[in-house]
Amino acid sequence: MGAILVIFAVVGAVYHPALHFEIMGDAYQLVYHAHLASHQPAVLFADVDGLLRPSATWSLVVDRFLWGASPTGYHLTNLLLFGFAAVLAAVVGRRLGLGRTASTVVAVLWAASPFTDEIATLVAGRIQILLAISWLVLIVAWPGRQESWNRVNTTAVVLAAAASMASKETWIVTPGLVFLLEVGLHRRGPARALRTAIPFFIAVGLYLTAYLAIGLGTSGYFRWSLAPLAKIPHELAAFMQFEELLPLAFTVTWRGGLALAVVVGLAVVCWRRRLWSGLPAFGLLLLPTVPTLLVPYLPQRFTAIPHLGFLLVIAIVLSNLSDEVSQPRLYRAVVAAVALLVFLAGVRTVRADLVDSRGISEAHGRLLRETEALVPQLPDEVPIVSVRLEREQPLLEILREPAGLVKLPYTRNNDPYGLIDTRALFDWVAADRGLRVRAIPDLRSIDTDVEAVVIGHQNGGFDYLPAGTQGASETVRHWSERGHPVRIFRVEPCDSSD
């Protein structure tokens, strides 16, 4: 219980400023999707822009019910889930042979790390938290060397694997983690471990087949070249403080090569000392990066789970070496001092990252206030054409000189200030008035003679624009031909028929 209190105290002390932030970026689309799901249950299992991550939808449906349009509630849920993941990290440490103190230190260092602060402070980062929780539960439930399979751990493993599948596409490396757990924790031979992993490989095959069959996919994210492979040594070098984590400009450097050599050395130490419990830790370090190798960027959220694996590997090796040094007290004192320095440095960088997040939150707050001024005037059940007239990019201005780590600005060029999907923006603001926004993705679904209300967003707010008499389709074509991004939707009462 003491370790749990310490971990949650650290999370609260470090991240409490996030409770005052707006939700930001992609989170609005996820919340919009959750709002639709609360009226159309089938949407609970639907994709969001080609990405199938239903567990985020389920959690946000609960958030929407509990908190409405209060961003504080969403951030509170995120921090509670993040704290729970950190507690599970400590439990995993114990499961892999670490003592109580060492496992708690690993959890605290992970929770207060700049490699994890993005998933803690961004509601959209919940996807990574849910995946981490699923994998950590899988490790905790997996039987150890002297343990056998029973109904309880079998059920827990199946549920954890299913939860990982519902969290994020990265779950497809779960069979690899299963293999390493069977060899390193259950202490079975490679052949038997492979047989245990076969059902998980089959599940992944069925998942990928279904994913492609229903037209989902993320092909636009991938770059078919060897350049993104540099992210592996770069990520490891960032973990070891050899170089700063860069989301785009990572290249192969001697520092990255040194970091890779250190990891290989740690693997050799584990092999020679028969530290088989290090295998699942290496799995967390390396496997999550595999599905993203061809993605040409490396944001902080991609590094969260690998960083936990890195900390576990280091802790397992250091704990084993402590039994053989000539002066164990001095050794432990040095290790504790280094851990304290890492913790303080992590907190300092996280605080700087929170400064950046505060600026991004304020930019979102400005747009929300502009939208709140317009929503009461919008008519129901009429196509609304929203035209982006400005070319402001507040994210680029804020992140050009970040206070913390270099960040990747996710701008939406078709939406106001490049910040929030327009339909999700209006849905978030209109929900408190008993309204919802229905997207109109295809102009063919609109009667060409129906007139539309046209609004334009300029620097400072929304204004009505002349609609003319062309009808909705012609109105959209008119503005699109002039190079202005257009979104079209309608506002309707929440109790209207689907």
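Q: Is the crossing of α7 and α8 left-handed or right-handed?
A: In this predicted model, α7 and α8 make a left-handed crossing. The contact draws on Ile 127, Leu 130, Leu 131, Ser 134, Trp 135, Val 137, Leu 138 and Ala 141 of α7. From α8 come Asn 153, Ala 156, Val 157, Ala 160, Ala 163, Ser 164 and Ser 167. By class, this contact of α7 with α8 has 11 nonpolar residues, 4 polar and no charged.

Q: At what angle do the axes of α7 and α8 cross?
A: Two packed helices are described by the angle between their axes and the distance between the axes. Here the axes of α7 and helix α8 (residues 151-167) cross at roughly 160° and come within 8 Å. Angles over 145 degrees count as roughly antiparallel. The pair α7 and α8 is therefore roughly antiparallel.

Q: How do the axes of α4 and α7 cross?
A: Helix α4 spans residues 71-95 and helix α7 residues 126-141. Their axes cross at roughly 25° and come within 9 Å. That makes α4 roughly parallel to α7. The crossing of α4 and α7 is left-handed.

Q: Which residues make the contact of α4 and α7?
A: On the α4 side they are Tyr 74, Thr 77, Asn 78, Leu 81, Phe 82, Phe 84, Ala 85, Leu 88, Ala 89, Val 91, Val 92 and Arg 95. On the α7 side they are Arg 126, Ile 129, Leu 130, Ile 133, Leu 136, Val 137, Ile 139 and Val 140. The contact of α4 with α7 divides into 16 nonpolar, 2 polar and 2 charged residues.

Q: At what angle do α3 and α7 pack?
A: Helix α3 (residues 54-67) packs on α7 at about 115°, and the axes are 9 Å apart. That makes α3 roughly perpendicular to α7. The crossing of α3 and α7 is right-handed. Ser 55, Ala 56, Ser 59, Leu 60 and Asp 63 of α3 make the contact with Arg 126, Ile 127 and Leu 130 of α7. By class, there are 4 nonpolar, 2 polar and 2 charged residues in this contact of α3 with α7.

Q: How many cavities of 30 Å³ or more does the structure hold?
A: Start with the general idea. Rolling a probe the size of a water molecule over the atoms shows where empty space is left. In this structure, 4 cavities of 30 Å³ or more are found. The largest cavity has a volume of about 100 Å³. The second largest cavity has a volume of about 50 Å³.

Q: Which residues lie nearest the centre of the largest cavity?
A: They are Gln 128, Thr 170, Pro 288, Thr 292 and Phe 302, out of 13 lining residues. Helices α7, α11 and α14 each supply at least two residues of that lining. The most come from α14, with 3 residues. The lining of the largest cavity has 6 nonpolar, 4 polar and 3 charged residues.

Q: Which residues line the second largest cavity?
A: Its lining is Glu 118, Leu 245, Leu 246, Pro 247, Leu 298, Pro 299, Gln 300, Val 406, Lys 407 and Leu 408. By class, the lining of the second largest cavity is 7 nonpolar, 1 polar and 2 charged residues.

Q: What volume does the second largest pocket have?
A: The second largest pocket has a volume of about 1200 Å³. It is lined by 44 residues. Closest to the centre of this pocket are Leu 109, Leu 311, Val 338, Ala 339 and Val 342.

Q: Which helix gives the largest share of the lining of the second largest pocket?
A: The largest share comes from α15, with 15 residues. At least two residues each are supplied by α5 (100-111), α11 (231-239), α14 (300-321) and α15 (328-374). By class, the lining of the second largest pocket has 31 nonpolar, 9 polar and 4 charged residues.

Note on methods. Residues are numbered from 1 along each chain as its sequence is written. This is a predicted model: local features need pLDDT of at least 70, side-chain atom pairs count only at pLDDT 80 or more; totals for chains, interfaces and linings use all residues. Side-chain values use heavy atoms; hydrogens and water are left out. Axes are lines fitted to C-alpha atoms, for helices over the stretch in contact, and angles run from 0 to 180 degrees between N-to-C directions. Helices (H or I, at least four residues) and strands (E, at least two) are DSSP runs, numbered from the N terminus. Angles under 35 degrees count as roughly parallel, over 145 as roughly antiparallel, 65 to 115 as roughly perpendicular and the rest as oblique. A crossing is left-handed if the near helix is turned anticlockwise from the far one by less than a right angle, and right-handed if clockwise. Contact means heavy atoms within 4.5 Å. Ala, Val, Leu, Ile, Met, Phe, Trp, Tyr, Cys and Pro count as nonpolar, Asp, Glu, Lys and Arg as charged, and the others, Gly among them, as polar. On a 1 Å grid over the protein atoms alone, a cavity is a set of points where a 1.4 Å probe fits but cannot get out, and a pocket is an open set with protein on both sides within 12 Å along at least five of seven lines; lining residues have an atom within 4 Å of a point. Grid points are joined across faces, edges and corners, and a volume is the space filled by probe spheres set on the points.
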